[in-house]
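I am opening a notebook on a structure that is new to me. The entries below record what I looked up, in the order in which I looked.

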Amino acid sequence: MAEGSRDQGGVVGTTDPEEDSPNMIVYRKIEDIVTRIQDEKAGGVAIRTVKSFLSKIPSVVSGADIVQWLMKNLSIEDPAEAIHLGSLVAAHGYIFPISDHVLTLKDDGTLYRFQSPYFWPSNCWEPENTDYAIYLCKRTMQNKARLELADYEAENLARLQRAFARKWEFIFMQAEAQVKIDRKKDKAERKILDSQERAFWDVHRPVPGCVNTTEMDIRKCRRERNPHRVKKSVYGVPDDGQSQPSPIHISSQPTRKPTKEDVQKEITFLNIQLDRHCMKVSKVADSLMTYTEQFMEYDPFVSATEPSNPWISDDSTFWDLEASREPSQQRVKKWGFSLEEALKDPAGRDQFLKFLESEFSSENLRFWLAVQDLKRRPLQEVASRAQEIWQEFLAEGAPSSINLDSHSYERTSQNLKDPGRYSYEDAQEHIFKLMKSDSYARFLRSNIYQDLLLARKKQPADTEQGRRTSLEKFTRSVGKSLTGKRLTGLMQSS
Amino acid sequence: MGEIEELRKEADSLKDQITAARKAVQDTTLQEAVASITVVGRVQMKTRKTLRGHLAKIYAMHWGADAKLCVSASQDGKLIVWDSITTNKVNAIPLKSSWVMTCAYAPSGNLVACGGLDNMCSIYNLKGKDGNVKVMRELAAHTGYLSCCRFLSDSEIITSSGDCTCVLWDIETGTQKTIFAGHQGDCMSLAVSPDFNFFISGACDFTAKLWDIREGQCRQTFGGHESDINAIGFFPNGNAVITGSDDATCKLYDLRADQELITYQDSGIMCGVTSLAPSFSGRLLLAGYDDFNVNIWDALKAERVGVLAGHDNRVSCIGVSADGMACCTGSWDSFLKIWN
């Protein structure tokens, strides 16, 4: 029986191969629809016999009727969607046009018939070429216009005759036997059965150019149906064991029974999970909404891009601008969303660095950048580079000394005994938080950033200078208005 | 025997407590929270380019970091690097094994990787000295097919495999640095977080797992799907995960709330999801299905807002370029299409 275990909120994969196959899941859904649609008493389509010229066409329904039913019963508003769904049902051979090999649904008077459950793909059919040969051979024996072979079928037959040259007599006999069996059936019944048989082969030996819907993703083939359930012959020809093995032979993983250690590991893992702090859904939903709102104006699929989207207009100005170090206001605005966004953009990095240099605190960002670079270095360079970073930023008397808390400092110096790409992870995280809470906020308020954001042009007479001049004036005037010597004395000594 | 029973009871009790903890923070649902915002307008994208050249099913594609070059892998045994704007083939790399299932482009643009039924991840250097593209490394240790691979840098790559594990490799030495074991079914897909500290994997045991790359441990597990998870991706803010499954649905899980927030499904969609990619802002989710279409979802409202119908067979892979400008789809019909 299927082995499974309930995992938080879901079912972990079972080992029942028949139900697992992805095609099987789709077949079940289609069969549900097809059963309902044929149930006339429960609101299904009207399946009728249609008079045509001198004969009657039994058991058919028009494509338009099927489309109507799908739209009404599956709540589909768009007819195109109903046609797409109906064509999917046809492509798998559950319905078929009576006068065409191509399995699609048309929203008109084209007549369709339902496939017999015997031929349903969910029965795990894998018909052999011998069967196909018998089928084509049988068709040539029956002298009916409607059973004439199509060009591609004639070609297939010729190829099969060459391939099965040695056992052709056997195939011929089987075909004759089938013809005899068929002749015994009622005329109307035969019409229906012939068409269903043909539709079956249209699925398993599709018209060239049509999709073979029985193809499976090779990654899922390993878990394919139980070999005992596979049906290989439509005409009762015994399997002579010459079937081609699938190109992949992957031995299935034997499922071990969980040991005591496995369960103990699971318990440890579950305990860690339980200790995690869960954030409220309302907060998380808010965060998602805020994020998408912020970035929607930068999302070319949602908002119009300025300048034009190069894919549509064939004008690459947008990309040229992105690559340039002179960012647009819109791009600069993004830097204000988070420190991560600012650092993602090379121009943002440059400007932030420039700002920090003006405050004489650029060592933090330079450290952060150096550690990012370290993580991408080839292994042989990692150790020496890690040492260089230590010398530059953390050693005693380092030229660009950064401010680390003692805990991170201890851990980092420990890590450096065996230097690796991630030796500075703790330190980097600490410095990042520092920048985020301190310098980043000031950067956003700075002239450097604001000028770019508001696209302010730089004045030749620097505003900084202007302010300094007025401060000097103010100080002088204060000094004059107060009793002179005492204050001047103070100012001189400071 | 009794001891295992005791332990199992303990494990089950912990699971119940975790479920309770998750419920405790469910002060609302995503659907309620977004009730006030309007659905995104109908999204209509056109095919701008068709990349022709493969002769068989395309199984995978991946954009380069420059948003113009991309690499694709096909069962015709070729890895092709395309200049997607001119549709020219920059490189056409013949593979030793034609049963390739995945490909990846390094962020630097120097390397590409691929793998499949050969159980190996082969790394190719695109910027070799003499101009020829050669195999640089063959990472062999998996005992199952290679389903997905993603570069962290030119020195490290993460792979997922049909042997139920994911592995972090050091490319230069060709050795496994960390093995991430825990899934009980084939790992089908993986995605790396925007900050490169975590990655997520989706598997045939119907669960998705979040792994800490450095610590080598599974941090969280998400369930809820009723069939194999074929595709997985991070929401652009790095705090949420999107999965696509054979059960014909996609799900959004939040890492901080530790639970599923919403499911993207429609009674008219019956076929499994093969691939997915969020748009630049995350507001749209593009998902490729076995029924040859790509459905575009409003990720917050969980409503379908568009369809890309242009392939004549299954859509096997999809990717949105780094600048969000274009979406590329690859299909079993052997073509890649660029849409926007």
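This is a predicted model: local features need pLDDT of at least 70, side-chain atom pairs count only at pLDDT 80 or more; totals for chains, interfaces and linings use all residues.

**Entry 1: where the chains meet**

I began with the contact between the two chains, which takes 86 residues from chain A and 113 residues from chain B, contact meaning heavy atoms within 4.5 Å. Residues are numbered from 1 along each chain as its sequence is written, chains are lettered from A and ligands numbered from 1 in the order in which they are written, and side-chain values use heavy atoms, with hydrogens and water left out.

Chain A and chain B bury about 8600 Å² between them, 62% of it on carbon and sulfur atoms; this is the accessible area (1.4 Å probe) that the two parts lose on being put together, summed over both. Arg219(A), Phe301(A) and Trp311(A) supply 11% of the area that chain A buries against chain B, more than any other three residues.

I then looked up the salt bridges (a side-chain nitrogen of Lys or Arg within 4 Å of a carboxyl oxygen of Asp or Glu), and found eleven between chain A and chain B. In one salt bridge, the side chains of Glu81(A) and Arg304(B) meet at 2.8 Å, N to O. Helix α11 (residues 281–296) of chain A gives the largest share of the side of chain A that touches chain B, eleven residues; helices here are DSSP runs of H or I, at least four residues, and strands are runs of E, at least two, numbered from the N terminus.

**Entry 2: recorded features**

UniProt lists "domain: RGS" (unreviewed entry) at residues 338–453 of chain A, and annotations of this kind may be inferred rather than shown by experiment. Over residues 338–453, chain A is 73% helix and 0% strand, with the end C-alpha atoms 15 Å apart.

Residues 51–92 of chain B are 0% helix and 57% strand, and residues 139–179 of chain B are 0% helix and 61% strand.

**Entry 3: inside chain A**

Which residues does Leu365(A) touch, not counting residues up to four places away in sequence? I found Leu343(A), Arg349(A), Phe352(A), Leu353(A), Leu356(A) and Met435(A).
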